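Open the model in your viewer and keep the selection panel at hand. The stops below go from the surface to the ligand.

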Amino acid sequence: MKRYCYNEEHNLFRESFRTFLQREVVPHREVWSETGITPRELYLKAGAQGFLIPQAPESLGGLGIDDFRFQQIGAEELGRCGESGFIPFLHSSIIAPYILKHGSDFLNESYIPRAVSGEVILGVAMTEPDAGSDLAGMRSSAIDRGDHYLLNGNKTYISNGINGDVFVVAARTDAQLPHGISLFVVEAGWEGFERGANLKKLGFKSQDTAELFFDNVKVPKSHLLGEVNQGFKYLMGGLVEERLICGLWNVGVAEYAFELTRDFVCERKVFGKPLAQQQNTRFKLAQLRARIDMMQAFGDTLVEGYNRGERDSVAASEIKLLSSELLGDVVDEGVQLHGGAGYMMEYPIARLYADARITRIFAGTSEIMKLIIAKSVLDG
Ligand SMILES: Cc1cc2nc3c(=O)[nH]c(=O)nc-3n(C[C@H](O)[C@H](O)[C@H](O)COP(=O)(O)OP(=O)(O)OC[C@H]3O[C@@H](n4cnc5c(N)ncnc54)[C@H](O)[C@@H]3O)c2cc1C
């Protein structure tokens, strides 16, 4: 589908990021799946070309580009390159904004320039073994000890958990207030900070996902993000970008899975003619094409709204919900149309099938998205 929302500058950015991914990422996908991690140097290479946190102001080493279309292009192209371990949009579009928006000058100057260059890799630690969807139930605590907070607790399923250098950590700062949570910028090297093993997963094989443990970590007062007990509000605000960017990325992955399947059915012969000539194949691909185009149009509209200053949390939940379901259908039909080949890991569609499953769970499950949408429809 022709898209009218980009100018020449966007197209050049897309072209150069695509070239970067084809050169630095795609040839190594299989090896990284085996090792369970992507090399840290990839962030340095991406940073050197200006692909990390482009929205950061020039004074902090960024490009000062606050047009969200550049981040949209980044997420779409990452999706289309089929690599799930290297996900710089998590670093750039989800975590850096917490520091940029709520961090003091000190925190921004300490971390953003090195995150822009790729020297520092960012992570966000909200989820706990007993608190995922219900974030207000988190137990990690940060006790005020005068000149510092004493941080204790466990986090789990943390992306960039092994490679990450600096984490935005959510912890309870008021035991009485249900939402008495604050956010802290915590360095992995601090005493009392420990990482668990790289977790074995169904998909996302090259993405390092780990538990993090905090045992009496002394967090200087200067590392509190924004105001005390406002962390829950900041997290809910940040989830708008997180869900929007996940939705845009889902569309990119769906596009890639669609193209793989289209190419396969054109090559594969069944009963003496290409599989693409079977009516079932044509109908399935037609239906998926129409749904991908529609989702892309929805994404473009939300990005346009975002650029105009509208931060619509319900619409972000809608695209997260629908795009992850669409992606699930595209990879499922893709595997089916590949036949036995679709079940073989040497065919990328098999890996996409495993990778796609998480998109209905992380960044808020589909059920949580439905709760948010239903609340806006029914409770005003
Ligand atoms: C690969 C991966 C990467 C991740 N990366 C990060 C990260 O970087 N940082 C981070 O903080 N977290 C991360 N997560 C955690 C992720 O966000 C959580 O797993 C997710 O929010 C769900 O929480 P949970 O696992 O505790 O499931 P639960 O909350 O226990 O949910 C279990 C089931 O119950 C359903 N459910 C829950 N509440 C309701 C309700 N009120 N009504 C109806 N159904 C409900 C859920 O939808 C789900 O189906 C990651 C997870 C994975 C798997």
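Select Met344 first: it counts as partly exposed because its relative accessibility is 41%, where buried means under 20%, exposed over 50% and partly exposed in between (1.4 Å probe, protein chains only). This is a predicted model, in which local features need pLDDT of at least 70 and side-chain atom pairs count only at pLDDT 80 or more, while totals for chains, interfaces and linings use all residues. Residues are numbered from 1 along each chain as its sequence is written, and side-chain values use heavy atoms, without hydrogens and water.

Met344 sits in the loop between α9 (313-338) and α10 (348-356); helices (H or I, at least four residues) and strands (E, at least two) are DSSP runs numbered from the N terminus.

Next, select residues 229-378, which UniProt lists as "domain: Acyl-CoA dehydrogenase/oxidase C-terminal" in an unreviewed entry; such annotations may be inferred rather than shown by experiment. This range is 76% helix and 3% strand, with its end C-alpha atoms 29 Å apart.

Then go to residues 7-119, given by UniProt as "domain: Acyl-CoA dehydrogenase/oxidase N-terminal" (unreviewed entry). Here the chain is 65% helix and 0% strand, and the end C-alpha atoms are 31 Å apart.

- Thr127: a polar side-chain atom lies 2.6 Å from a ligand nitrogen atom.
- Ser133: a polar side-chain atom lies 2.6 Å from a ligand oxygen atom.
- Val124: a backbone N or O atom lies 2.8 Å from a ligand nitrogen atom.

Note on methods. Polar contact = N/O pair within 3.5 Å; in protein donor to acceptor, adjacent residues only side chain to side chain.
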